Amino acid sequence: MTPASTRAASDTNSGTIVNAETLVIAGYVAAIPTVFTAAIAAWIDRVTAARWSLAASAGLLCAVAAVRWVVTAHPPIFGTHENAIASALALIITAWFMVRPGSDRAHSAPAALLTLFACVTLVYGLFFETALYPLTISERSLWVDLHVLLAWLAYAQLLAAVAVAIVALAGIADASIASSASQLGRLGLGFAAFTAMTSVGAFYSFQLFSDWFRWEVVESLAAASWVALGLVIHGRQFWGWREKRLAAATVMLLPLIVLTYWIWSLYAGTYHYFEIPMITAGGI
């Protein structure tokens with residue numbers, strides 16, 4: 001290939017990437033008001049409008065994730081911006097199931113809170129690197145993909161449980177919602193997924209460092225969150241916690257959960273830190 005043709009190919013590739021970046025940012029930004037609309041609709045109990053808005057939001061974020069995946073050759077798991085996409089999508093899908101046809105209307109307000117949290121997450125993600133980057137070598141593993149998938153599954157279920165607990169404590173819905181079968185299912189699924197997430201993470205940590213557990217900030221917070229979540233579930237199953245007492249215990253999980261999942265985006269003193277400009281140079 002001649003130097004001129006090499007430059008032409010490079011220019012074409014750069015143009016394609018710029019166009020893809022413009023497309024994904026446009027879709028990402030468009031999802032924010034759509035998600036906010038879904039939150040308002042769910043809050044005022046317009047569940048049909050909420051379902052359609054949630055579906056539209058999920059569609060936009062799936063399209064954004066797909067374009068990024070095609071260009072970068074990996075799912076949205078790298079950096080705060082991409083994790084904001086994955087996190088918000090998990091929350092939106094969970095909120096849709098809370099207001100799906102035939103669901104309990106008492107779940108509209110918790111779904112609204114969950115959707116609002118997804119909206120805040122998307123806004124937060126705008127403040128971080130949005131360029132399209134490949135994975136670093138240590139992240140090129142299906143174990144990482146599984147770890148992240150389990151992480152966002154647990155996160156969405158646990159935040160949904162917290163949203164229900166907030167509504168119960170505020171008196172917006174009957175306090176019995178905090179100890180209903182569906183609420184216990186969320187806590188149980190969240191605990192199971194969180195346990196699986198940490199197990200996969202420990203296994204992959206051993207592959208990388210020959211060390212199952214390292215007392216760095218993310219893993220320490222994850223251990224604290226796991227113990228706290230286990231205590232909440234034991235409180236319900238063995239100590240008879242019900243309604244507002246169980247709701248209060250569930251709400252107390254929120255700071256630990258949020259810190260566990262997002263502290264790495266601001267604090268570089270952890271090997272979970274993947275804010276892109278600090279660990280890699282140049283785009284694709």
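In the predicted model, helix α5 (residues 142-170) packs against helix α8 (residues 243-251) at an angle of about 130°. Their axes lie 8 Å apart. The angle makes α5 oblique to α8. The crossing of α5 past α8 is left-handed. On the α5 side, the contact involves A161, V162, A165, I166, A168 and L169. These residues meet K244, A247, A248, T250 and V251 of α8. By class, the α5 contact with α8 comprises nine nonpolar residues, one polar and one charged.

Helix α5 also contributes to the lining of the largest pocket. This pocket has a volume of about 840 Å³. It is lined by 38 residues, of which H147, M197, G201, V218 and H272 are the closest to its centre. Two or more lining residues come from each of α5, α6 (181-209), α7 (217-237) and α9 (254-262). The greatest contribution is that of α6, with 11 residues. The lining of the largest pocket has 25 nonpolar, 11 polar and two charged residues.

The second largest pocket has a volume of about 430 Å³. Its lining holds 18 residues. Closest to the centre are A86, L89, V148, L149 and W152. Helices α2 (47-72), α3 (79-98) and α5 each supply at least two lining residues. Here the largest share comes from α5, with seven residues. By class, the lining of the second largest pocket divides into 15 nonpolar, two polar and one charged.

Notes
Residues numbered from 1 in each chain as written. Predicted model: local features only at pLDDT ≥ 70, side-chain atom pairs only at ≥ 80, totals over all residues. Heavy atoms only, no water. Axes fitted to C-alpha atoms, helices over the stretch in contact; angles between N-to-C directions. Helix = DSSP H or I, 4+ residues; strand = E, 2+ residues; numbered from the N terminus. Parallel < 35°, antiparallel > 145°, perpendicular 65-115°, else oblique. Left-handed = near helix turned anticlockwise from the far one by under 90°. Contact = heavy atoms within 4.5 Å. Nonpolar A, V, L, I, M, F, W, Y, C, P; charged D, E, K, R; others polar. 1 Å grid on protein atoms, 1.4 Å probe; cavity = no way out; pocket = protein on both sides within 12 Å on 5 of 7 lines; lining within 4 Å. Points joined across faces, edges and corners; volume = space filled by probe spheres on them.
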